[in-house]
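Here is a short briefing on one protein model. Please look over the sequence and the 3D view before reading on.

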Amino acid sequence: MTFFTLMTKLSAQECEYSEYYPLVELASKYYSQKNYKESEINFKLAFDKTEFPLGKDLHLAFLIAEKIKDAEWALQIATQLAKGGVPLSYFRYYKKTQWYSQLNAEYKTYSDYYITNFKPELRDKFNSLIERDATFTRQIMDWYYGTIEITSENAYNEANAIYSELKQMTEKYGFPSEHNMGYNYVSRLNKIEDYHTLALMIHIYKYGERIYENEIPNYICSGILHPNSKQILKQSMGFGNSMGIEHEMKVREEMYKKKKE
């Protein structure tokens, strides 16, 4: 199913982001072609479709606003980002612009708004979980290539801990996303990027648990997952036919033993 076919299906449902996604897709295409005016038009149309534009799109729109010298739009975007938890340091290269002094003067208000309306502690916990999952994924790959040994029991314990922690977070806060954590500012790149939510879910699916599978259409409509996620997750599976983490790790252990024979 193509991106636009999926969005047509979703638009027939009550789906807040059904019109948003195709517009930002088009805006990004125009940006890559250096057609900044058309990119601006489509980003503005997209942002009118929801009260909560997504961080990666705001980041790109902000770059466009600066390129076309639209100070009013740049300030609007900067305000949205600041309210979503993006630090003032993100804007440090724009101190000489005509809008920066206003943002700087009002930043404390925006920072307070973030603390009141979002869950900074969830962002910290989720990013820690992402790091833990990335470390475990590297270990799983080393296990596959035979450079380290892991027992199925130990692999199960770590995979299950990652799976369980995501479930506990979701039960307490709702599914982790920009909507409850704020935007994902990456300081070493000075960029706003997507959270690595999809990668985490792919790994859990490959561990044998198809977590929140029935909720994926709702997550797409709510701007939590990109529409492409549905097909990607559908194709994500391990070697144990999605029969649970313990089964998956036992199957892997047997497979990797046979590879060495």
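Is helix α10 (residues 197–206) mostly covered or mostly open, and how many of its ten residues are buried? Helix α10 is mostly covered, with seven of its ten residues buried. Buried means under 20% relative accessible area, exposed over 50%, and partly exposed in between (1.4 Å probe, protein chains only).

This is a predicted model: local features need pLDDT of at least 70, side-chain atom pairs count only at pLDDT 80 or more, and totals for chains, interfaces and linings use all residues. Residues are numbered from 1 along each chain as its sequence is written, and side-chain values use heavy atoms, leaving out hydrogens and water.

**Overall build**

- The protein has 13 helices and two strands. Helices (H or I, at least four residues) and strands (E, at least two) are DSSP runs, numbered from the N terminus.
- The C-alpha trace spans about 70 × 40 × 35 Å along its principal axes.
- Of the 261 residues, 46% are buried.
- Among contacts with a separation of 6 or more, 68% join residues 24 or more positions apart. Contact means heavy atoms within 4.5 Å.

**Around helix α10**

- The buried residues of α10 are T197, L200, M201, I202, H203, I204 and Y205.
- Their cover includes α7, α8 (152–173), α11 (216–221) and α12 (229–234).
- E248 sits in helix α13 (residues 245–260). E248 counts as buried, at 1% relative accessibility.

**Surface**

- The protein exposes about 14,000 Å², and carbon and sulfur atoms supply 49% of it. Accessible areas come from the Shrake-Rupley method with a 1.4 Å probe; for residues, only the protein chains shown count as cover.
- M141, Y144, Y145 and F239 form a nonpolar surface patch with about 420 Å² of accessible area together. Such a patch takes nonpolar side chains (Val, Leu, Ile, Met, Phe, Trp, Tyr) joined within 5 Å, from residues with over 30% relative accessible area and no salt bridge.
- M141 belongs to helix α7 (residues 120–145). M141 is partly exposed, at 38% relative accessible area.
- Y144 and K259 are 115 residues apart in sequence, yet 9.1 Å apart in space, C-alpha to C-alpha. K259 is found in helix α13 and is partly exposed at 46%.

**Salt bridges**

- The structure holds twelve salt bridges. Each is a side-chain nitrogen of Lys or Arg within 4 Å of a carboxyl oxygen of Asp or Glu.
- K49 pairs with E19, with the closest N and O atoms 3.4 Å apart. K49 is in the loop between α3 (36–47) and α4 (55–67), and E19 in the loop between α1 (3–11) and α2 (20–32).
- D194 and K56 meet at 4.0 Å, N to O. D194 lies in the loop between β2 (191–193) and α10 and K56 in helix α4, so the pair ties together parts 138 residues apart in sequence.
- R132 and E165 meet at 3.6 Å, N to O. R132 lies in α7 and E165 in α8, so this bridge ties together parts 33 residues apart in sequence.
- K37, E40, K44 and D70 are linked in a network of salt bridges.

Notes: Patch = residues over 30% accessible without salt bridge, like charges linked within 9 Å, V, L, I, M, F, W, Y side chains within 5 Å.
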